[in-house]
Amino acid sequence: MMNLIWSVLFLTSFVYACFSGNLPAFADALSSSASDAVTFLIGLSGIMALWSGLMEIAERTGLIQRLSRFLLPLTAFLFPHVQDPDTISSIVMSFMANLFGAGNSSTVFALRTMEKLDAENHGNTEASNDMCTFAVVNMAFAPVFPVVLLQIRADMGSTDPYSVVLPALITSVCTVAASILACKILERRS
């Protein structure tokens, strides 16, 4: 569907530029936007590589395992049927990546976690409560320290790129609390 939308937007712009005599401006805007997109992606890939590397180091050094043990009361409350320490570590890694707004890096950890939760669910066609809770809470996370957003704001010339940290913290706490409450209420009903 998105391909169709983008195609219609592009063709409409092209036809308008042809009929209004602004074809050179259209071509300039097209090449300028492509150049800006490449520059933007290179900047983001650096942040993504850094975050992915830090998480890999944290996992290999055992920091994630220690953090998992520290957060065991919280993970036991959220995921009462998860017993595998690797699954709990994977949950913590996914939440940490979301907490720091690492964007696509958190997707890798979330997919790995969901695979482990599915294995604990024995490949059942119906998602377990733990799988649903993980999906909802993981999606509800607004980054507390949104590194990607801060990089974008700094690259775009913001005078105070860090002004979004407090609103992000408030949003994160509210959305995560609401999602946990909804999951626990629905778990009790089923």
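Me: In which helix is Leu-181 found?

Reply: This is a predicted model. In the model, Leu-181 is found in helix α9.

Me: How far apart are the C-alpha atoms of Leu-181 and Leu-99?

Reply: They are separated by 19 Å, while the two residues are 82 residues apart along the chain. A second pair can be read in that way: Thr-75 and Leu-111 are 36 residues apart in sequence, with 18 Å between their C-alpha atoms.

Me: Where does Thr-75 lie, and what does Thr-75 touch?

Reply: Thr-75 lies in helix α4, which covers residues 72-78. Its relative accessible area is 7%, so Thr-75 is buried. Leaving out residues up to four places away in sequence, Thr-75 touches Pro-80, Ile-88 and Val-92.

Me: Is Ser-94 buried or exposed?

Reply: Ser-94 counts as buried because its relative accessibility is 0%. Ser-94 is part of helix α5, residues 85-99. With residues up to four places away in sequence set aside, Ser-94 touches Ser-106, Phe-109, Ala-110, Thr-113, Phe-134 and Asn-138.

Me: How should I read the packing of two helices?

Reply: Two numbers describe a packed pair: the angle between the helix axes and the distance between those axes. Here, helix α2 (residues 23-60) packs with helix α8 (residues 147-155) at about 145 degrees, and the axes are 10 Å apart. The crossing of α2 and α8 is right-handed.

Me: Which residues of α2 and α8 meet?

Reply: On the α2 side they are Phe-40, Leu-44, Ile-47 and Met-48. On the α8 side they are Val-147, Val-148, Gln-151 and Ile-152.

Me: How many salt bridges does the structure hold?

Reply: The general idea is that side chains of opposite charge can pair when their charged atoms come close. The structure holds two salt bridges. One joins the side chains of Arg-60 and Glu-56, at 3.0 Å from N to O. The other is formed by Lys-184 with Glu-187, where the closest N and O atoms are 3.3 Å apart.

Me: Where do Arg-60 and Glu-56 lie?

Reply: Both lie in helix α2, four residues apart, which is about one turn of the helix. Arg-60 has a relative accessible area of 70%, so it is exposed. Glu-56, at 31% relative accessibility, counts as partly exposed.

Me: What separates Lys-184 and Glu-187 along their helix?

Reply: Lys-184 and Glu-187 are three residues apart in helix α9 (residues 165-189), so about one helical turn separates them.

Me: Are Lys-184 and Glu-187 buried or exposed?

Reply: Lys-184 is buried, and Glu-187 is buried as well.

Me: Which residues make the nonpolar surface patch?

Reply: A residue needs over 30% relative accessible area and no salt bridge to belong to a patch, and nonpolar side chains are joined within 5 Å. The patch here is made by Met-1, Met-2, Leu-4, Ile-5, Trp-6, Val-8 and Leu-9, with an area of about 780 Å².

Me: Where is Trp-6 found, and is Trp-6 buried or exposed?

Reply: Trp-6 is found in helix α1, residues 2-20. Its relative accessibility is 56%, so Trp-6 counts as exposed.

Conventions. Residues are numbered from 1 along each chain as its sequence is written. This is a predicted model: local features need pLDDT of at least 70, side-chain atom pairs count only at pLDDT 80 or more; totals for chains, interfaces and linings use all residues. Side-chain values use heavy atoms; hydrogens and water are left out. Patches are made of residues with over 30% relative accessible area and no salt bridge: like charges are joined within 9 Å, nonpolar side chains (Val, Leu, Ile, Met, Phe, Trp, Tyr) within 5 Å. Accessible areas come from the Shrake-Rupley method with a 1.4 Å probe; for residues, only the protein chains shown count as cover. A salt bridge is a side-chain nitrogen of Lys or Arg within 4 Å of a carboxyl oxygen of Asp or Glu. Helices (H or I, at least four residues) and strands (E, at least two) are DSSP runs, numbered from the N terminus. Buried means under 20% relative accessible area, exposed over 50%, partly exposed in between (1.4 Å probe, protein chains only). Axes are lines fitted to C-alpha atoms, for helices over the stretch in contact, and angles run from 0 to 180 degrees between N-to-C directions. A crossing is left-handed if the near helix is turned anticlockwise from the far one by less than a right angle, and right-handed if clockwise. Contact means heavy atoms within 4.5 Å.
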